[in-house]
Amino acid sequence: MENYAIELKGVTKRFGSVVANNQVDLALKKGEILSILGENGSGKTTLMNMLSGIYYPDEGQILINGKEVSINCPKDAFDLGIGMIHQHFKLVDILTAAQNIILGLDGGMKLDMKKINQEIDALVSKYGFDLTPAEKIYNMSVSQKQIVEIVKVLYRGADILIFDEPTAVLTPQETERLFTVLKKMKLLGKSIIIITHKLNEVLEISDRVAVLRKGKCEGVVETKDATVESLTELMVGEKVELNIQRSDPKKPEKRIEMRGVTVRNSEGLSILKDISFVAKSGEILGIAGISGNGQKELLEAIAGIQKVDSGEILYYPPNSTTVEKLSEKTVREIQNLKISLSFVPEDRLGMGLVGSMDLADNMMIRSYRSGDSRFFTDRKTPRKLAKKIVDKLEVATPDINTPVRKLSGGNVQKILVGREIALNPDVLMVAYPVRGLDITSSYTIYNLLNEQKEKGVAVMCVGEDLDVLLQLCDRILVLCEGKISCIVNAKLTSKEEIGMYMTGARKAGV
Amino acid sequence: MSTNTKKISHKTLHLTKRDSIATWKAWVIRLIAVLLALIICAFVIVGITGENPLNVYSGIIDGAVGSKRRIWVTVRETVVLLLIGVGLMPAFKMRFWNLGAEGQILMGGAAAAALMIYAGNLPPVLLIILILIASACAGIIWGFLPAFFKAHFNTNESLFTLMLNYVAMQIITFLIVFWENPSGSNSVGIINSANKGGWFPKIFGSDYTLNIIIVVVVTVVMTVYMKYTKHGYEIAVVGESHNTANYAGINVKKVVVRTMLISAGICGIAGAVIVSGASHTISTSTAGGRGFTAIIVAWMANLNPLGMLLVSAFLVFMQQGAIQIASQYGLNENASDIITGIIIFFLIGCEFFIKYKVRVKKSEEDAA
Amino acid sequence: MTLLLTFLVAAIGQAVPLLFGATGEILTEKSGNLNLGIPGIMYMGGISGLMGAFLYENNVQDPSTFVGVMIALVASLLASCLGGLLYSFLTVTLRSNQNVVGLALTTFGVGFGNFFGGSLSKLAGGVGQISVAHTAEGFGAFLPSFLRNIPVIGKVLFSYGFLTYLSIVIAVIITWFLTKTRKGLNLIAVGEDPAVADAAGIDVVKNKYYSTLVGAMIAGLGGLYFVMEYLHGTWSNNGFGDRGWLAIALVILALWNPTNAIWGSLVFGALYVLYIYIPGLTRASSELVKMLPYVVTIVVLVLTSKRNKPENQPPSALGRAYFREER
């Protein structure tokens with residue numbers, strides 16, 4: 001009993017008719033790093049939210065340091081020494097690091113920022129962080145924000161730290177640095193839980209692994225006894241073929257070419273600087289980079305959504321010698337030229353689809369202008385298309401009149417990708433196509449991309465999981481601070497090499 | 001944390017968003033809210049007048065539909081409120097907070113009054129067509145400014161349109177200086193009371209038939225426009241997300257301006273319906289807060305035209321009734337604002353119970 | 001020179017209700033509540049104070065100034081607090097649309113003011129016949145006469161009732177509260193991102209309620225000022241006019257900082273009375289000059305819509321309801 005920091009006994013949480021956690025038993029030893037592994041929707045985050053006081057369990061007991069407790073609100077969790085570092089940082093942008101760190105804490109009426117800054121500085125040097133307390137959050141990089149989150153929970157005296165998908169937004173190098181910090185905290189006596197679905201990291205950092213599936217705990221194993229295969233099987237519940245079939249590109253032809261493209265944002269800062277590359281038919285071009293280094297703008301510039309400040313984007317139609325200049329055209333002009341560009345954006349419900357509209361209406365988003373009447377919409381064709389996609393991609397939905405917002409992440413993505421592929425594209429651009437999807441859905445998407453590639457489509461894929469990019473793509477373009485730091489053959493490179501290019505630690509000629 | 005464990009019974013309110021609710025259930029909830037509101041109003045009225053509330057309510061019914069003339073006034077006011085609500089519909093669907101209906105009505109009304117004053121001798125049919133066109137244009141001008149700045153500079157439209165209401169009021173007081181009749185009265189008086197130039201004509205024996213025809217036509221056209229046209233689809237997409245609209249190749253700026261012009265144009269026509277079709281005069285209170293009431297109407301009906309008709313009819317019914325009891329019991333006319341205010345608060349509040357399921361959960365657990 | 005002085009004094013007289021309203025609205029908006037009911041609440045605050053004082057003075061043989069002032073203050077604060085409570089209950093607890101509730105509250109509040117104001121006038125014998133001389137005296141100039149008699153500055157600086165000075169004091173206190181205290185910091189977090197505040201252990205609902213209630217009470221004092229100090233204790237229907245909306249516009253000009261609102265309210269106040277002091281205006285052209293405050297607000301609105309400093313933006317969660325277990 002003595003050496004457990006946390007014990008969960010028979011914890012159950014329901015949301016309406018959905019059982020998010022079902023009779024979960026779990027224990028965290030003092031001074032260990034425990035990984036909680038599970039697919040999206042397996043209930044990891046819900047479970048941890050009950051420890052941090054965001055949700056309250058419907059059934060079961062929670063014991064902290066051997067004592068049964070009731071965590072009704074986030075404040076109770078701090079008082080018990082539990083600190084959670086959320087996947088989406090819980091920081092107020094317009095405040096400074098120090099202000100965020102002390103947010104919600106008691107202590108005199110007046111704010112003594114000087115004293116607080118000193119306390120934070122002391123903490124920062126103890127753990128060897130790099131942090132300026134008076135810096136505003138909106139000026140910080142992702143990994144700096146994560147440090148603020150960590151310092152925030154340490155400042156509150158947390159002994160138990162829970163990390164929700166901490167490496168999702170980090171480069172391999174930043175991940176390494178985070179792991180060093182975690183090990184140091186473990187040495188200083190902290191108990192740590194990491195929620196993740198990345199198997200390699202589980203094996204690297206944790207002492208033990210607990211696997212969740214469909215809200216239930218499927219077992220806890222010592223990391224030294226586990227392998228990628230055994231954990232996957234526990235996580236998915238069946239053996240999964242983890243290989244992506246990659247064929248060699250057939251007759252690659254130039255489809256899209258960027259020549260010295262520069263894009264500025266509304267404040268005049270360059271988001272893309274002097275970008276030049278070629279995307280070819282019948283191949284998958286991967287685009288890697290730390291989130292926010294110009295990937296979004298790159299795809300949007302080709303699609304005609306993002307205005308280009310200088311340089312040109314060219315399109316070479318198949319079986320033709322003409323060349324179209326996309327960089328001067330709007331989305332509508334590109335459509336009018338009958339150029340078939342498909343684009344699956346990163347923000348599915350904020351850009352690719354309209355959450356409150358039903359499946360059929362969402363099918364019209366890119367094609368509502370077609371139809372015989374100039375004034376009225378044609379709603380028959382999109383309904384047929386919606387039915388076809390639901391059948392073909394096995395979308396789980398009550399009917400095609402359901403608002404897409406009510407569907408699960410995987411089904412939303414199937415609808416979006418299905419719609420874009422139904423346009424019979426010559427160029428297919430996808431951004432983070434499997435983010436938030438379970439393994440089975442992810443492989444459905446990979447297969448769809450490969451199918452398109454074999455049909456001779458020029459596929460461009462922005463991704464975050466380098467392991468997948470290396471298996472799926474033929475060539476990989478790495479972006480760093482809006483510049484191309486290299487374009488490499490995916491078969492001849494490694495994760496580490498790409499990581500170096502991502503941070504700009506290495507630069508190479510294109 | 002103390003160590004003694006005891007059983008504590010928790011009573012917590014548990015809220016969940018409803019997926020959907022049967023239409024009849026939603027209306028039952030609204031009906032209950034109205035009944036509750038009427039009971040509260042009864043208390044207020046009794047508190048002020050000491051009258052038997054049943055008498056008061058029969059007074060309200062009497063005031064709203066007690067005579068042929070009163071019925072017609074209630075109908076006239078209802079259709080105007082509906083017209084303004086329909087005007088707000090496209091803007092609200094686009095999530096453009098047009099709080100400037102008040103000013104757009106005034107400008108439309110001013111255009112109508114100007115034509116009546118300066119061109120009262122034109123052939124009646126031509127004059128009325130001109131009035132409708134001019135009032136729509138006046139509303140459009142008043143709607144163009146905030147729409148343009150919203151589209152190009154993302155200027156906050158709710159405050160912009162709100163301020164334009166007061167600019168419009170000042171324009172009206174400015175015009176009254178030139179139009180006042182008799183001079184020195186500081187009011188315009190009934191325009192063309194002799195030749196009725198620019199007045200909506202009597203059709204089928206009623207002064208207000210043309211009002212109704214205009215409102216029905218505009219409502220049907222706008223319902224079709226929103227539901228079945230490409231423009232309507234564009235408005236829906238822009239309202240949900242500008243990003244999606246850009247992605248779809250929709251010119252957001254153009255749609256914002258175009259939709260707001262339609263919205264303001266209809267509100268301008270409402271000004272003409274009020275001036276030429278009812279009051280035959282103009283003052284700063286020509287809009288009379290209807291621009292704001294219509295916002296509540298449109299929102300409560302969830303932008304559904306049929307719902308808007310129902311809500312408008314109910315609110316006007318209560319307002320007309322309240323005016324009647326105010327004079328009956330020697331209260332001032334603002335009593336109706338209080339009564340309708342209470343009803344509106346209840347109607348707004350009850351939407352919560354339509355959107356969310358509330359359960360009282362009793363759970364026993366060990367508290368430490 | 002004297003004209004300039006009277007102009008300045010008149011401008012200050014117009015500025016005070018705007019400052020109360022703007023300070024109250026800033027505090028409210030910092031919690032993420034866009035309270036468009038403030039104009040109505042100011043009417044409610046004004047008439048309730050007047051009613052309290054009127055009933056007191058008419059039912060007591062020898063009314064005391066101090067008691068009258070206290071009754072007026074309490075009645076005013078109570079009424080505006082109730083207005084704020086109604087708004088908070090509907091928008092925070094019942095999660096109704098803030099714009100709709102605000103507009104309904106303004107319609108209700110203006111009606112409330114005019115109804116009771118009108119009824120009170122009737123009781124008193126006619127429009128403008130309400131008189132609460134004793135109480136109004138307490139709201140009038142109170143500084144010792146040697147200060148008031150100092151040439152030039154005496155009139156400009158020391159000739160006002162206590163509410164005028166209170167408006168500035170409250171604006172400064174609220175600024176201090178927002179920038180220099182932990183509670184203020186927590187409130188800002190609620191308005192910026194309620195989910196973050198919630199996770200940090202801040203009670204979002206409580207913060208929204210408190211700031212909206214206190215904000216409404218501050219704004220209500222603006223109505224009380226108008227009735228008691230500006231009109232010396234009487235009522236005219238719709239007399240308060242649209243000052244409530246100008247107060248809301250002032251919030252934007254002040255970049256959500258009450259100290260800025262002090263200067264901003266002076267500018268608006270000056271524009272409000274400018275038409276009286278421009279020589280040679282006809283009746284028609286003075287109506288056009290009266291447009292100025294609104295036109296200037298619109299110009300400011302346009303000019304400030306392209307701001308780039310994140311600190312000067314409205315609270316990011318302004319106008320949105322927060323619901324934790326949304327899923």
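How far apart do the C-alpha centres of domain 1 and domain 2 of chain B lie? In this predicted model, the answer is 31 Å. The domain assignment of chain B puts residues 10-51 together with 329-368 in domain 1, and residues 73-325 in domain 2. As for where the two meet, 9 residues of domain 1 of chain B are in contact with 8 residues of domain 2 of chain B.

The C-alpha trace of chain B spans about 90 × 65 × 40 Å along its principal axes, and 49% of the 368 residues of chain B count as buried. Take the contacts in chain B between residues at least 6 apart in sequence: 78% of these join residues at least 24 apart.

Chain B also touches its partners. With chain C, the contact involves 37 residues of chain B and 41 residues of chain C. On the chain B side, β1 (6-17), α5 (124-153), α6 (157-179), α11 and α13 (335-355) each put in at least two residues. Helix α6(B) gives the largest share of that side, with 11 residues. By class, the side of chain B that touches chain C has 23 nonpolar, 11 polar and 3 charged residues. With chain A, 21 residues of chain B meet 25 residues of chain A. Here the elements of chain B that give two or more residues are α8 (230-240), α9 (242-247) and β2 (356-367). The side of chain B that touches chain A holds 8 nonpolar, 9 polar and 4 charged residues.

Now for a closer look at one residue of chain B. V297(B) sits in helix α11, which runs from residue 290 to residue 300 of chain B. Is V297(B) buried or exposed? It counts as buried, because there are 27 C-beta neighbours inside 10 Å. Leaving out residues up to four places away in sequence, V297(B) touches L81(B), G85(B), M308(B), V311(B), S312(B) and L315(B). One of these, V311(B), is 14 residues away along the chain, and the C-alpha atoms of V297(B) and V311(B) are 6.0 Å apart.

In general, nonpolar side chains tend to be buried together in soluble globular proteins. Apart from neighbours within four places in sequence, L250(C) is in contact with L18(C), A22(C), A261(C), G264(C), S265(C) and F268(C).

Several of those names come up again in helix α13 of chain C. This helix covers residues 258-277, and its buried residues are P258(C), A261(C), G264(C), S265(C), F268(C), G269(C), L271(C) and Y272(C). As background, residues three or four places apart in an α-helix point the same way, because there are 3.6 residues a turn. What covers the buried residues of α13(C) includes α1 (2-30), α8 (162-180), α12 (243-253) and α15 (292-304) of chain C. From its first C-alpha to its last, the 20-residue helix α13(C) reaches 28 Å, close to the 28 Å expected at 1.5 Å a residue. There is also a kink in α13(C), of about 35 degrees and centred on L271(C), which is one of the buried residues of the helix.

Conventions: Residues are numbered from 1 along each chain as its sequence is written. Chains are lettered from A and ligands numbered from 1 in the order in which they are written. This is a predicted model: local features need pLDDT of at least 70, side-chain atom pairs count only at pLDDT 80 or more; totals for chains, interfaces and linings use all residues. Helices (H or I, at least four residues) and strands (E, at least two) are DSSP runs, numbered from the N terminus. The expected span of a helix is 1.5 Å times one less than its number of residues. The bend at a residue is the angle between axes fitted to the seven residues ending there and the seven starting there. A residue is buried if 20 or more other C-beta atoms lie within 10 Å of its own, exposed if 12 or fewer, and partly exposed in between; C-beta atoms are placed from the backbone. Two residues are in contact if their C-beta atoms, placed from the backbone, lie within 7 Å. Domain bounds come from an automatic or database domain assignment. Ala, Val, Leu, Ile, Met, Phe, Trp, Tyr, Cys and Pro count as nonpolar, Asp, Glu, Lys and Arg as charged, and the others, Gly among them, as polar.
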